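Subject: Structure for your review

Dear colleague,

Please find below the structure that I am handing over to you, with its sequence.

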Amino acid sequence: MATLRPLTVEDVLRVNGSRRFAAALAAASPFDSLADALLAARRIWLNEVDVTGWLEAFAAHPSIGTTSSSVSKWSKEEQSAALSTATDSTAQELSEWNAKYREKFGFVFMICASGRTAPEVLAELKRRYANRPIVELEAAAEEELKISELRLTKLFSAETAAPPTSGENHISQPDKAAGSSNRTRPPITTHVLDTALGSPAAGIEVHLEMWKDVSSTPAFDNKEFKGWTTLGTSVTNNDGRSGQLMDIVDNVAPGFYRISFNTSKYAPSGFFPYVSIIFEIKRSQTTEHFHVPLLHSPFSFTTYRGS
């Protein structure tokens, strides 16, 4: 089911405050389904909007806990759980930490607050305050994307729920295509940051593999790594993000995965010819998302599980 009309820039600015994002998503509409709209939004946000656009989008949001009459209806809805669970002392602490965060990073604390209590938001704010600026910029952009996806869903629902005018067909229950997924991205994703330069690392070859040997598992005392099967390969773009490394499925197969980065071509004089990260997805985690980034410099690297 397509949206009833192409989206305008003004429509999309309700979803995301970046004018570059709004223009690109409006130009790509109308969409045949919500899934198509969400995929386009993710592609545009991560691949076509630069840091200036990210900051423009951040600036369109009020600080968490703001009760001004100028706050949009959607922002109020998204912060309703936090506002309803904030005591006077929690609200004061949120205000103080919001100010500390803005002073350190230069933009408002971004979090998809829908359904999250004030103590949860405050704890996340304090945790992320310790991040390095480049790491926090990425984290804030991910949260902005979650908010944009939530709002795009609301906008799309409003469009498709509108009464049909003369000559328009109205379908009340859209069919889900066979084999389609509720996800908007693969279950496993990655990006690479060059921590020495403080910028995304472009042009790094990335491989994603899964352990398929049922007779054994990869372990510290089992280093004969002959059971890996390649799922996908890609090269990081100018934002340091890889392309799609596996299929978009609702439930990722549990097991061991290895994501490898060919760092020797990117940093020929560096200490690491390549970096491989092995992780396990439990049976209880198959519906979750696993973002496994690499923060790399010529003589060190770190990783973490992100969202």
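Helices, numbered from the N terminus, are DSSP runs of H or I with at least four residues. With that convention, the largest cavity can be described by the elements around it: helix H5 (73-78) and helix H9 each contribute at least two residues to its lining. The model in which this was found is a predicted one.

The overall composition is as follows. The protein has ten helices and ten strands. Of its 307 residues, 45% are buried. Among contacts with a separation of 6 or more, 69% join residues 24 or more positions apart.

Cavities

The count of cavities of 30 Å³ or more comes to two. The largest cavity holds about 120 Å³ of space. Its lining consists of 14 residues, and those nearest the centre are His61, Ile64, Gln79, Ile111 and Ile147. H9 is the element that gives the most to this lining, with three residues.

In soluble globular proteins, nonpolar side chains tend to be buried together. In this model, the largest nonpolar core comprises 46 residues, and Phe21, Leu25, Trp45, Phe58 and Leu152 have the most contacts inside it. At least two residues of this core come from each of helix H2 (19-28), helix H3 (34-47), helix H4 (51-59), helix H7 (88-105), helix H8 (118-129) and helix H9 (133-161). H9 gives the most to the core, with eight residues. When neighbours within four places in sequence are left aside, Phe21 is in contact with Val12, Asn16, Ala41, Ile44, Trp45 and Val49. Another core, of 21 residues, lies apart from the largest one; Val206, Met246, Ile281 and Leu294 are among its members.

Helix H3 also contains Arg42. Is Arg42 buried or exposed? Arg42 counts as buried because its relative accessibility is 9%, and the cut-off for buried is under 20%. Beyond residues up to four places away in sequence, Arg42 touches Leu145, Glu149, Thr184 and Arg185.

Annotated positions

An unreviewed UniProt entry places the feature "binding site" at His191, Arg241 and Tyr304. From this set, Arg241 is part of the lining of the second largest pocket.

Arg241 is located in the loop that runs between strand S5 (228-235) and strand S6 (255-261). With a relative accessibility of 6%, Arg241 is therefore classed as buried. Residues up to four places away in sequence excluded, Arg241 touches Leu46, Glu138, Glu142, Thr190, His191, Val235, Thr236 and His291. A polar contact of 2.9 Å joins the side chain of Arg241 to the side chain of Glu138.

Tyr304 is found in the segment after strand S10 (300-303). Its relative accessibility is 32%, so Tyr304 counts as partly exposed. On the same exclusion of residues up to four places away in sequence, Tyr304 touches Val135, His191, His291, Val292, Pro293 and Leu295.

Yours sincerely

How values were computed: Residues numbered from 1 in each chain as written. Predicted model: local features only at pLDDT ≥ 70, side-chain atom pairs only at ≥ 80, totals over all residues. Heavy atoms only, no water. UniProt positions renumbered as here; feature names shortened; annotations may be inferred. 1 Å grid on protein atoms, 1.4 Å probe; cavity = no way out; pocket = protein on both sides within 12 Å on 5 of 7 lines; lining within 4 Å. Buried < 20%, exposed > 50% of the residue type's maximum accessible area, 1.4 Å probe, protein only. Contact = heavy atoms within 4.5 Å. Polar contact = N/O pair within 3.5 Å; in protein donor to acceptor, adjacent residues only side chain to side chain. Core = buried A, V, L, I, M, F, W, Y, C linked by side-chain atoms within 4.5 Å. Points joined across faces, edges and corners; volume = space filled by probe spheres on them.
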